[in-house]
Amino acid sequence: MTDDKDVLRDVWFGRIPTCFTLYQDEITEREAEPYYLLLPRVSYLTLVTDKVKKHFQKALRQEDVSEIWFEYEGTPLKWHYPIGLLFDLLASSSALPWNITVHFKSFPEKDLLHCPSKDAVEAHFMSCMKEADALKHKSQVINEMQKKDHKQLWMGLQNDRFDQFWAINRKLMEYPPEENGFRYIPFRIYQKLGLSTLYYPGTMQTKVGLELRERDLPASERYLPAYASPVLGIKTTTERPFIQKLFRPVAADGQLHTLGDLLKEVCPSAITPEDGEKKNQVMIHGIEPMLETPLQWLSEHLSYPDNFLHISIVPQPTD
Amino acid sequence: MEDEFFGEKCFQYYCAEFIKHSQQIGDGWEWKTAKDCSDGYMCKTEFQIKNGTTPSHLGTPASVHTGFPTEENLELPVDDSEVMESAAASKVIKYEYHVLYSCSYQVPVLYFRASFLDGKPLSLTDIWEGVHECYKTRLLQGPWDTITQQKCQLHHFMAEHHGASCWSESTSELC
């Protein structure tokens, strides 16, 4: 019987085989071969792609090297989203490896935050952890920690050290014995619209957007914000990029709330009606947990290192 | 649970009071409702020249009686060359401030965004350099602890919640 602690390791060590290719319009001095890497699901792009950057910079002229950014099928990839979330949301129904395009020019200011240094990633990560603990423990646990403990959480993530990370993180997973769980569950639900035939201004009608090439787009409309992407149609990016609300793990009668209870309350469209056909997948770390799973258990075992459950709702693949 | 903390209804009530006062003194704050629900937030837009002064033809926020500066005002051709000489479009900075209610922290949170008139955002270094002298020491000791970069509706920076009371007291001093 699998121990619950094995789940923590499985989550931490999850990897996505990825192929990085330089964008065709980047001007190169020499040939830039694709670069293959196993990306940690629980980490962040700008934290784990130093070798990718070095590899492609060798092919470019010095004056052409600017801030690196990544894109998948026309959608700029937000570095501040965990890698596993990006993959589940954008590419889980596509064949492996995950094909990511690398850019050094035309940074999409409207879609991406700049990442000037690893300090930016650390600040974002710690900010998420603090928010998660505000929900779970009114910030009491994280505020009682010393600065060196915060640093250990970050270094554990940065250096892929499971034991170093969990030596501190386990304290953030505790709760008073008289309660049955955390005060509120830290979660975010991200939704991707289904692909459909879309008209795109200035180009021919495309089927499911896959034939749409950036060359066909007027220059001003390349790298559109995700809300306008005809290829992936990610919903709500300009309004609310995710759903996050206060939700307790335990009901008033003491029953544990489940994943299904959460979805019914905050995202009812994700749930298949009883007689209906399954239209969506509810995905965390690349798997579909049973909707009967207690939310408290999910929060303790399937959260990302930032202590949030990042849940993707994606269309059910048709094949 | 709302009684224990600063609940959202409480936030909305005090925002209404704040905006009434802002209107009386011509300080430019207004209430905006989010598109798809009853949530709302306070917002204010302000323009400054990069050296820290407010473009003189717009007046200081407190002295504007007919309305506060808008982007449309700035883009109108102005014949007064004495004014516009020092306010070339690339040096005028637009600051947008939003005060939202955070259900995670159950307190108001200040978000702000600084950009040039062409929409290009200011770099982090520029933001940090623009911080008022009295906050600079604390900021430089831990810049990432004082202001967090977040992707919000308008791609904002967020003042750390424990410092929000300092930042929001006098937003013009941030610049």
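**Walking through chain A**

Author: Gladly; chain A contains 10 helices and 8 strands, and please keep in mind that this is a predicted model.

Reader: Okay, and what share of the 319 residues in chain A is buried?

Author: Buried residues account for 51% of the 319 residues in chain A, while the accessible surface of the chain comes to about 15,600 Å², with 50% of that belonging to carbon and sulfur atoms.

Reader: What about contacts, how many of those between residues at least 6 apart in sequence join residues at least 24 apart?

Author: Within chain A, 73% of those contacts join residues at least 24 apart in sequence.

Reader: New topic: which residues does the cis peptide bond join?

Author: That bond joins A:Leu96 and A:Pro97, with an omega of about 0°, and A:Pro97 sits in the loop between α4 (83–90) and β5 (98–103). For background, most peptide bonds are trans, and most residues other than glycine have a negative phi.

Reader: So where is A:Lys138, and what is its phi?

Author: A:Lys138 is found in the loop between α5 (118–137) and α6 (140–144), and its phi is positive, about 55°, although it is not a glycine. This residue counts as partly exposed because its relative accessibility is 37%, which falls between the 20% and 50% cut-offs.

Reader: And is A:Asn307 buried or exposed?

Author: A:Asn307 is buried, because its relative accessible area is 1% and buried means under 20%. A:Asn307 lies in the loop between α10 (295–301) and β8 (309–315), and its phi is also positive, near 75°.

Key: Residues are numbered from 1 along each chain as its sequence is written. Chains are lettered from A and ligands numbered from 1 in the order in which they are written. This is a predicted model: local features need pLDDT of at least 70, side-chain atom pairs count only at pLDDT 80 or more; totals for chains, interfaces and linings use all residues. Side-chain values use heavy atoms; hydrogens and water are left out. Helices (H or I, at least four residues) and strands (E, at least two) are DSSP runs, numbered from the N terminus. Buried means under 20% relative accessible area, exposed over 50%, partly exposed in between (1.4 Å probe, protein chains only). Contact means heavy atoms within 4.5 Å. Accessible areas come from the Shrake-Rupley method with a 1.4 Å probe; for residues, only the protein chains shown count as cover.
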